[in-house]
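I opened this model to look up its confidence, its helices and its aromatic pairs. My entries follow in the order of looking.

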Amino acid sequence: MSPSKLQVSEVNALLIKENSRWTTREILTVIVVTMVKIADAAELYLPGVITQSVSCKLNLSRVAENFLGISCFVSLAVSTFFFGLLAVKWGTKQALLFSQYASVISIIICAVYPIHDP
């Protein structure tokens with residue numbers, strides 16, 4: 001082999017070695033995507049646990065428990081539709097801020113509201 005071909009292959013080998021390491025941005029992207037996927041899984045799993053807990057406390061039948069779960073998922077679908085409309089009308093940033101503020105307010109209301117056991 002000629003010396004020029006060896007130099008090119010050595011340069012390619014060095015480029016591959018340098019690009020094989022993950023950058024900080026790539027690592028953060030993987031972490032954020034993983035957290036989002038875990039949150040999505042919890043969002044789909046928790047309504048089932050909540051409806052079971054509510055049905056046990058209220059002595060609901062299985063049919064009523066199923067309707068409770070269905071209503072939870074239907075409300076999630078409807079809210080996603082309206083959030084899309086808000087994002088188009090207000091812009092994504094304002095819609096996300098509105099969503100965060102509404103979430104914080106509802107968490108505070110749920111935390112302050114007294115729970116009565118029958």
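**Confidence**

I looked up the confidence of this predicted model first: the chain has an average pLDDT (the predictor's confidence in each residue, from 0 to 100) of 76, and 75% of the residues score at least 70. Since it is a predicted model, local features need pLDDT of at least 70 and side-chain atom pairs count only at pLDDT 80 or more, while totals for chains, interfaces and linings use all residues. Residues are numbered from 1 along each chain as its sequence is written, and side-chain values use heavy atoms, with hydrogens and water left out.

Where pLDDT is low, the predicted coordinates should not be read in detail.

**Secondary structure and burial**

I count 4 helices and 0 strands in the chain, in the order α-α-α-α from the N terminus. Helices (H or I, at least four residues) and strands (E, at least two) are DSSP runs, numbered from the N terminus.

I checked burial next: 6% of the 118 residues count as buried. Buried is under 20% relative accessible area, exposed is over 50%, and partly exposed is in between (1.4 Å probe, protein chains only).

I looked at Asn59, which lies in the loop between helix H2 (24-58) and H3. Its phi is near 55°, a positive value in a residue other than glycine. Most residues other than glycine have a negative phi. Asn59 is exposed, at 69% relative accessible area.

**H3 against H4**

How do H3 and helix H4 (residues 92-112) cross? Their axes come within 6 Å and cross at roughly 135°; axes are lines fitted to C-alpha atoms, for helices over the stretch in contact, with angles from 0 to 180 degrees between N-to-C directions. The two helices are therefore oblique to each other (under 35 degrees is roughly parallel, over 145 roughly antiparallel, 65 to 115 roughly perpendicular, the rest oblique).

I listed the contact (heavy atoms within 4.5 Å): Phe83, Leu86, Ala87 and Trp90 in H3 meet Thr92, Gln94, Ala95, Leu96, Phe98 and Ser99 in H4.

**Aromatic pairs**

I searched the whole structure and found 2 aromatic pairs. Rings of Phe, Tyr and Trp (its six-membered ring) pair if their centres lie within 6.5 Å; planes under 30 degrees apart are stacked, over 60 edge-to-face, the rest tilted.

Phe81 and Phe82 pair edge-to-face, 5.4 Å centre to centre with 70° between the planes. Phe81 is exposed at 52% relative accessibility, and Phe82 is partly exposed at 47%.

Trp90 and Phe98 also pair edge-to-face, 5.4 Å centre to centre with 85° between the planes. Trp90 is partly exposed at 40%, as is Phe98 at 42%.
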